[in-house]
Amino acid sequence: MDALIISHATARLYHNAPRRPPSARLLPESTNPLVTTPPNIAHVSRARRVLASHGIPTELLTSIDFLITNPSQKRHAMGARCHLWLESIPARSLIELEPGIYVAGVELCAFQMAAELPERMLIELYYELCSKYCMPFFDEDDYRDLSSPRTTKRKLKRFFSELPPGVDGRRKALRALPCVREGSRSPLETAMVMTLACPKRLGGMGLRDIRMNHHLPLPPRIRQLTRRSSLICDAYIDRGAQDVEYQGFLHDEPEQKAIDNERRQAMQAIGLTVIELNKQQFFDTDAYRRVLAAIRLNAGIPVPKDAEAYAAEQERLRRFVLRRWLHDADEGEGGAGEQDGERI
């Protein structure tokens, strides 16, 4: 297979593109040795044109990532970044954009980013790829809702596991997956659950028994308490039978407040502990620490022996997941803010 292949961070841009087609031809049909075309200036221009046609801003395409299969193919053509790939290309891991030009599929792109991103960022990316939203190209813009996730944990794990053990990034990619939960509906939901599911060494609570947007049918006797026959929990934790709910600005509306009250009563009636988190609590160090303490108490999790060091790591994780919204993050100050148009 002789091809010009767009990869890594540029492929990630493609998978966030607003005009990305809902379905595309996937190649090769089976795992296959790959022969790539070394990129030249004409190739870079062609790739830039194709990617821009899918809605990627041209200012993000000044330099484009390409996959090559031979060190001698490495080019320093203006606007090209070459990445060496010495393995066969996995089946159905490339998307055909035009005859002879391809982009790394979601799973291959996710794997490639393992060699590029720090661990927290990699985990966050995998949440996003398994979510029902798409991040904007620029922080000041709003995220987009998706009808379905771009991939699943099962697909990612299968893809990573089938690669040769010695491939750079494989171990890191597989280590990130247990922290990931599927079905997040917003970046703030992802941020909240990352602080619960990430391992303690990264500042998380290390919870494995947590499910996002968990569907909870209500028994007939409880349905009289609410207008719904079932409930969806933002973050359901088995230990302590608790639901952690992120309360965005929509929950301030009078009608939604009434719905939330009914919902809360129904949950309490079936023995569920409800912990509600709003943006003011999430954006405040001490307030969020108290929320996490309540979750830990309900779950019967003891305070870590190295409580002071763990609290510092916990705060680093909180500031990381909220970095798009916090002011003066680099100085470590505790201010909180709201970007224009961001649904938080």
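Trainee: Is Arg81 buried, partly exposed or exposed?

Mentor: Good place to start, and keep in mind that this is a predicted model. Arg81 is found in strand S5. Buried means under 20% relative accessible area and exposed means over 50%. The relative accessibility of Arg81 is 35%, so Arg81 counts as partly exposed.

Trainee: Which side chains make polar contacts with the side chain of Arg81?

Mentor: Start with what Arg81 touches beyond four places in sequence: Ala9, Thr10, Ser63, Ile64, Asp65 and Phe66. Two from that list are worth a look here. A polar contact of 3.0 Å joins Arg81 to the side chain of Ser63, and another, at 2.6 Å, links Arg81 with the side chain of Asp65.

Trainee: How many residues of helix H1 are buried?

Mentor: Helix H1 covers residues 8-15. Its buried members are His8, Thr10, Ala11, Leu13, Tyr14 and His15. H1 is therefore mostly covered, since buried means under 20% relative accessible area, and the count is 6 of its 8 residues.

Trainee: How far apart in space are Arg81 and His8?

Mentor: Along the chain, 73 residues separate Arg81 and His8. In the fold, take the distance from C-alpha to C-alpha, and you get 9.7 Å.

Trainee: Which residues does Phe282 contact, leaving aside neighbours within four places in sequence?

Mentor: Phe282 is one of the residues touching the most other members of the largest core. With those sequence neighbours set aside, the contacts of Phe282 are Leu188, Ala191, Met192, Tyr246, Leu277, Tyr288, Arg318, Val321 and Leu322.

Trainee: What is the omega of the peptide bond between Leu27 and Pro28?

Mentor: Pro28 sits in the loop between strand S2 (26-27) and strand S3 (35-36). The bond joining Leu27 to Pro28 is cis, with omega about -10 degrees.

Trainee: What is the phi of Ala241?

Mentor: You will find Ala241 in the loop between strand S11 (230-237) and strand S12 (242-247). With 24% relative accessibility, Ala241 counts as partly exposed. Ala241 is not a glycine, yet phi is positive, at about 40 degrees.

Terms used. Residues are numbered from 1 along each chain as its sequence is written. This is a predicted model: local features need pLDDT of at least 70, side-chain atom pairs count only at pLDDT 80 or more; totals for chains, interfaces and linings use all residues. Side-chain values use heavy atoms; hydrogens and water are left out. A nonpolar core is a set of buried Ala, Val, Leu, Ile, Met, Phe, Trp, Tyr and Cys residues joined through side-chain atoms within 4.5 Å. Buried means under 20% relative accessible area, exposed over 50%, partly exposed in between (1.4 Å probe, protein chains only). Contact means heavy atoms within 4.5 Å. Helices (H or I, at least four residues) and strands (E, at least two) are DSSP runs, numbered from the N terminus. A polar contact is a pair of N or O atoms within 3.5 Å; within protein, one must be able to donate a hydrogen and the other to accept it, and residues adjacent in sequence count only if both atoms are side-chain atoms.
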